[in-house]
Amino acid sequence: MSDADRITLAHGAGGRAMHALIEDLLVPAFGGSPEALEDQARLSPPGLEAPGARLALTTDSFVVTPRVFPGGSLGTLAVAGTVNDLCVGGARPHALTCALILEEGLPLSELRRVVDDLAATARRAGVLVATGDVKVVERGAVDGLFVNTTGVGVIPPGRDPACSALRSGDRILVTGPVGDHGAAIAAARGTFGIETELASDCRPLASLVETLFEHCPRVRALRDATRGGVATVLNEFARASRCAIRVEEDAVPVREAVRGFAELLGLDPLYLANEGTLVIAVAPEDTDAALAALRAHADGREAAWIGEVLPGPPGRVTQRGGFGGERVLDVLVGDPLPRIC
């Protein structure tokens, strides 16, 4: 592969190569125009003028090994992760920034795949990639490609989900099977020599969350179960609300391939990352409406009830097995699968 097919330091030097990279690759991918490039994006998010509406802002940096994996790529992940972080706050995502840190020697073909996936996922989520940045560093300074995205959205009046809002008797739901992303990334690395058909659940969930709020406006809390998985989210809920949560082991949806892979490695699917599964807390009287709304949507067909909120002891999360025994689901001390998002 020649230098013409790779990122060079010239692509970050502000000259002809950098302008070509932006105008020939990035601008067309994100639907922009070279003539309209400015040093800032000028946005008018719909709905912000409504009394009580609020602006939501989130930022995240993404790195994953491998950068292209079954079910997506680093580009898919960067958009889905940021969009979903806005959604779980009740916001309607509007626009993203995209900053790329490229290592000298990165194949342009790989960069193009990631950028194309990023653009396609943004279109699926209905968000604008409004502005961005490119930096190129010397070979060895970073691991190929890092992506930072910042997202902005609008929280409509009346929406205020929060981890501290759970009450005794509330029900815990998930929008689909757990552990898909973490298992798929681990398998894709090839370290364990196990052939599987595992695929990541990586996708933006803006449409699913809107459907949920339309049919169940009193959602207590919702989170995307990324690093640390469902168990970590439940611990965050329990500690913030000073309540206890009990999960029913037999109720947690886990794909057989994920369960088998996790058992081989001694991992618990409840601690594996997800990039397209939410954990939701609703009042008991809203449970049926929430599940019906989720299951009617393409991204929530496998939604399930998995547990309930108890009065105490505060901050405790347990899982009850099929024979009635319980075990504590604590927060992990380390990271069983590094560099997953």
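This is a predicted model: local features need pLDDT of at least 70, side-chain atom pairs count only at pLDDT 80 or more; totals for chains, interfaces and linings use all residues.

Visitor: What makes S4 and S5 a pair of strands?

Guide: Two strands pair if at least two bridges lie between them. S4 and S5 are joined by nine bridges, so they meet the requirement of at least two. Their pairing is in the parallel sense. One of the contacts sets Ile 101 against Lys 135 in S5.

Visitor: Why are S1 and S5 called edge strands?

Guide: S1 and S5 each pair on one side only. They belong to an open sheet of four strands with the order S1-S6-S4-S5 and mixed pairing. In this sheet the twist averages 15 degrees from one strand to the next.

Visitor: Which order do the strands of the open sheet of seven follow?

Guide: The order is S8-S10-S7-S11-S9-S12-S13, again with mixed pairing. Here the edge strands are S8 and S13 (326-328), each pairing on one side only. Neighbouring strands of this sheet are turned by 25 degrees against each other on average, direction ignored.

Visitor: How do you know that S9 and S12 pair?

Guide: Four bridges join S9 (residues 244-248) to S12 (residues 317-320); the rule asks for at least two, so the strands count as paired. They pair in the parallel sense. Val 247 stands opposite Gln 319 in S12, and Glu 248 has Arg 320 of S12 as its bridge partner.

Visitor: In what sense do S12 and S13 run, and what do they form?

Guide: S12 and S13 run antiparallel and share three bridges. Gln 319 has Arg 327 in S13 as its bridge partner. The two strands form a hairpin with five residues between them. In the turn, Gly 324 has a positive phi of about 95 degrees.

Visitor: How much space lies in the largest pocket, and which residues are closest to its centre?

Guide: The largest pocket holds about 730 Å³ of space. It is lined by 27 residues, and Val 27, Leu 37, Ala 130, Thr 131 and Gly 132 are the closest to its centre. Two or more lining residues come from each of helix H1 (16-29), strand S4 (92-103) and strand S5 (128-137). S5 gives the most, with seven residues.

Visitor: How does the lining of the largest pocket divide by class?

Guide: It divides into 15 nonpolar, seven polar and five charged residues. Gly counts as polar under the classification, so Gly 132 is placed in that class.

Visitor: What makes up the lining of the second largest pocket?

Guide: This pocket has about 270 Å³ of space and is lined by 15 residues. Asp 60, Asp 85, Asp 224, Thr 226 and Arg 227 lie nearest its centre. The elements that give two or more residues are strand S1 (54-62), helix H2 (74-87), strand S8 (221-224) and helix H6 (229-241). By class, there are four nonpolar, four polar and seven charged residues. Asp and Arg count as charged, so Asp 60 and Arg 227 belong to that class.

Visitor: How do you know that Arg 159 lies over the face of Phe 213?

Guide: Arg 159 is placed at 4.4 Å from the ring centre of Phe 213.

Visitor: How many aromatic pairs are counted?

Guide: The count is zero. A pair would require ring centres within 6.5 Å.

Note on methods: Residues are numbered from 1 along each chain as its sequence is written. Side-chain values use heavy atoms; hydrogens and water are left out. Rings of Phe, Tyr and Trp (its six-membered ring) pair if their centres lie within 6.5 Å; planes under 30 degrees apart count as stacked, over 60 as edge-to-face and the rest as tilted. A charge sits over a ring if NZ of Lys or CZ of Arg is within 6 Å of the ring centre and within 35 degrees of the ring normal. On a 1 Å grid over the protein atoms alone, a cavity is a set of points where a 1.4 Å probe fits but cannot get out, and a pocket is an open set with protein on both sides within 12 Å along at least five of seven lines; lining residues have an atom within 4 Å of a point. Grid points are joined across faces, edges and corners, and a volume is the space filled by probe spheres set on the points. Axes are lines fitted to C-alpha atoms, for helices over the stretch in contact, and angles run from 0 to 180 degrees between N-to-C directions.
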